[in-house]
Structure formats: C-alpha cells, structure tokens
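Open the model in your viewer and keep the sequence panel beside it. The tour begins at a single residue, then widens.

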Amino acid sequence: MKLKKAGALGLSCVIALGSMAGCGSSKEKEKTDGKEEISGEIRYAFWDTTQQPYFEKCIEKFNEQYPDVKVTLEPSSWDEYWTKLEAGATGGSIADVFWMNGPNIMKYADGDVLMDISDRIKEDNIDTGKYPEALVELYNVDGKQYAIPKDFDTIGVWYNKKIFDEAGVPYPTDDWTWDDMADIAKQLTRSDGSVYGISAEYETQIAIYNTIFANGGTIVSEDKKTSGYDTEATQAGVQCWVDMMKDGVSPSEASLEEIKGNVQFLSGRLGMYWCGSWFLSQVLDSDIKDDIDVAPVPSINGKQATVIHGLGNCIYKDTKNPEAAWKWVEFLSGEEANKLSAEMGAAIPAYEGTADIWVDKNKAYNLSTFVTASKEYSYPYPVSKNTAEWEQYQAEELKKAYNFQVDVKDACDTLAEKMNEVLASE
C-alpha cells in the first residue's frame with residue numbers, strides 16, 4: 001500500500017498503556033470437552049477502505065475455525081488512521097491488531113507499543129521463508145519480529161490507451177527509456193490544457209525514490225547516518241521530475257496538490273500516471289477501467305529501479321485478547337487468506353506463489369510487470385528511526401523546486417543539511 005508520512009510521535013516517553021486500552025472482552029481460552037477454545041473480541045484497524053470487502057470475507061473464513069472470536073473492522077482514511085494510532089499509543093484506545101508500514105515500525109517498536117511475536121512464530125511453525133526476505137527484515141527491530149508481511153507492492157506506469165490512440169502514439173514497451181517517456185508525454189499533452197501527458201507531482205514512493213535509485217543515488221545511507229541528497233546522482237533523480245514540470249507536460253504542483261494525480265488520471269486528464277500495484281483496486285472501480293493498462297518503469301541510463309514495500313500486521317502489546325489477536329494475524333498471513341487477497345484483487349499477497357493468482361485474475365492488465373519488478377530491480381523503501389521527521393523536511397524543501405522557487409540543487413543541499421541533523425539525533 002502506498003506510503004505517506006505520519007506526524008512525529010514522541011513515543012519514548014509513552015508507556016503506561018496497559019490499563020488504558022478498551023480492546024474487548026478479556027475472555028481468551030476455555031476448555032470444552034478437554035479441547036482448548038479461543039474466544040473474545042478484537043478490533044482490527046486499517047487505512048485502505050477498498051479492502052474492507054476482502055476483510056469481511058476473511059472474517060467469514062476465520063470464524064469457520066474460530067467461531068467464538070468476534071473481529072470488528074475499523075477502516076480509516078490515511079490521515080485519520082495515524083491520528084487514531086498516535087492518540088491510542090499515547091493513552092487512548094488502540095486496536096488489538098493494526099497495519100504498520102516501514103517508515104513507522106521503528107518508532108512504534110521503540111515506543112513499546114507492539115507485541116514481539118517472535119516466540120509465537122516459532123511455536124506455531126510459521127515459515128517466514130514464504131515471504132519476501134526484505135519485508136520480513138523490515139519488521140524485525142533489534143532481533144524482535146513485530147509483524148508478518150501482509151502484501152507487497154512495486155511501481156509501474158499506468159496509462160490511458162484511449163488518449164494514446166487519439167494522439168496516434170504507440171503504447172509503452174518493456175524496454176522504453178526515460179527519454180522515450182518524456183517524448184511521449186509531450187505528444188499526449190494537448191494545447192488546450194484538457195489533457196496532460198503525465199503527472200509529475202512531488203511524490204516519494206511512486207516517483208522520486210525510483211528515479212533516484214535508477215540514477216545510482218541514495219536517499220539515506222545504509223548505516224542511517226547520512227543523507228544522499230547532497231550527491232549529484234540523487235539530485236539528478238529529482239531533476240528529471242522537475243524538468244517534466246518545466247516542459248509543461250504535467251499539471252502544476254499547485255494543481256496536483258488540489259486534485260491529486262490519481263483523481264486526474266481516472267478522470268481522463270492524464271495520459272500516464274506512476275503508481276503502485278495497489279492502484280488496481282481504484283482502476284477496477286473507475287469508469288475508464290477498459291481504457292487502462294500498465295507498463296514497467298522506464299530505464300535511466302540503462303537501469304530500471306522501483307521501490308518495494310509491503311504492509312505488516314502488528315498486535316498491540318497490551319491487548320486484552322492476545323491469543324485471539326495472534327490467531328487473526330496468523331490467519332491473515334496464511335496461504336488461504338493470501339489466495340483470497342489475490343482473487344479479490346485487494347493487493348499483491350506476500351505469501352510465496354500467491355502473486356501469480358493476482359496476476360491471472362486480472363488478465364486485462366499487464367500486472368506481471370509488478371511481480372517482475374519485485375524480483376529483478378527492486379529497492380527497499382528508505383527508512384530510519386525518525387523517517388517521518390526528515391520526510392517532512394523532504395516535502396517542504398523539494399516542493400520549492402517543483403514550484404520553481406529554487407533550483408533542484410539548492411533544495412536538495414538544504415534538505416541534506418536538515419536531514420543529517422535528524423539522522424545525527426537518532
């Protein structure tokens with residue numbers, strides 16, 4: 001699922017949480033005819049409301065195994081989700097099981113909010129080798145496993161075939177380059193402003209991170225001590241998007257902040273839109289779903305690159321129903337739930353082999369590009385302990401370049417200074 005930044009959270013001073021969460025009945029295990037049963041109520045929080053039908057089906061299947069466990073779904077918008085989670089972590093009510101992403105895992109783990117599920121994984125013989133190694137490691141902090149990957153995502157270029165056809169432009173090929181894409185964007189852009197070739201808005205996971213990696217740059221060093229934004233390669237990865245803005249083949253940054261790129265694309269105003277595999281659910285629900293397909297990201301100087309990321313299901317450390325919460329997480333991480341996710345198009349499931357079902361279920365689209373990307377040219381989402389803090393500086397400084405207030409080099413150099421201060425304090 002797409003990542004955005006969450007507000008800073010001073011979790012280091014949190015933790016008198018145990019008595020403050022209203023997480024349902026404390027009834028956990030009973031003996032029935034000598035057999036252990038699990039019962040109780042748990043709450044499950046997530047931010048992608050389009051996945052609610054999938055989770056409703058999961059509850060139905062889960063209750064076939066555990067009929068005495070009641071799972072209540074708590075869907076939220078992106079911003080609302082993190083606001084609720086922060087409020088819960090600092091003393092309010094928090095869901096028993098909830099989604100987590102890479103930029104926030106270290107923060108909530110260090111804040112003592114998450115349950116260490118390492119022993120439960122071992123006791124129930126969960127084979128973590130069935131999931132992408134980079135994602136398993138993403139949710140392991142200081143040797144403790146806090147989540148099992150739910151799904152993964154990579155980035156592709158979604159395009160409107162009708163707009164291509166009307167402009168007489170051939171569709172993108174698997175071996176296209178950034179220069180090819182820039183040229184196509186010019187051909188698709190209409191002089192009356194009714195259609196732009198592409199959206200070049202400031203975005204991280206779906207845009208600049210990919211072109212930074214393709215240019216050989218870095219966002220944050222491997223040891224998490226220094227920013228890469230003061231290097232030529234990283235700045236080149238930003239420059240290519242700003243050049244798109246300057247060439248007039250994209251709506252302005254101000255326009256895209258008012259009406260996001262995904263909305264403009266699905267309303268037929270954009271020929272191309274970089275986005276993740278999760279975008280499929282929005283495409284399928286759109287009026288122009290039959291006009292859309294997806295291509296791999298173009299190469300830059302012969303190199304392709306895409307960010308790979310995936311969500312994990314975490315358990316609240318002081319849940320009143322740890323057994324029921326664990327069984328729900330265990331079910332969601334299993335082959336049955338992952339196959340169901342693939343069949344319903346919720347996301348690319350993380351469990352080994354089930355991604356092919358997701359691809360085959362939606363043959364109208366070139367979805368294999370996302371799976372190929374994960375295997376051949378993917379890079380982990382860049383994180384550190386205080387990712388959210390430096391991502392705020394990143395947005396503030398780089399948007400100045402997107403709005404032509406400063407040049408890319410100056411924006412990146414200033415960002416690097418601020419980012420290095422954040423990293424030094426971690």
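Select G248 first: just after helix 9, it takes a positive phi of about 75°. Helices (H or I, at least four residues) and strands (E, at least two) are DSSP runs, numbered from the N terminus.

A word on the model before moving on. It is predicted: local features need pLDDT of at least 70, side-chain atom pairs count only at pLDDT 80 or more, and totals for chains, interfaces and linings use all residues. Residues are numbered from 1 along each chain as its sequence is written, and side-chain values use heavy atoms, with hydrogens and water left out.

**Helix 9**

Now select residues 232-246, which form helix 9. Its 15 residues should span 21 Å at 1.5 Å a residue, and the end C-alpha atoms are 20 Å apart, which agrees. The expected span is 1.5 Å times one less than the number of residues.

Which residues of helix 9 are buried? Colour T234, Q235, G237, V238, C240, W241, V242, M244 and M245. Buried means under 20% relative accessible area, exposed over 50%, partly exposed in between (1.4 Å probe, protein chains only).

**T234**

Stay in helix 9 and pick T234. T234 counts as buried because its relative accessibility is 0%. Show its contacts, leaving aside neighbours within four places in sequence: I212, G217, T218, G228 and Y229. Contact means heavy atoms within 4.5 Å.

**S277**

Next, go to the loop between strand 12 (270-276) and helix 12 (280-284), where S277 lies. Is S277 buried or exposed? S277 is buried, with a relative accessible area of 3%. Beyond its neighbours within four places in sequence, S277 touches F152, D153, T154, W158, I348, W358 and F370.

**The whole chain**

Zoom out. The protein chain has 18 helices and 17 strands. Its C-alpha trace spans about 75 × 50 × 35 Å along the principal axes. Of the 426 residues, 56% are buried. Among contacts between residues at least 6 apart in sequence, 76% join residues at least 24 apart.

Finally, colour by charge. The 41 positive and 72 negative charges have mean positions 3 Å apart. Lys and Arg count as positive and Asp and Glu as negative; His and the chain ends are not counted. Each charge is placed at NZ of Lys, CZ of Arg, CG of Asp or CD of Glu.
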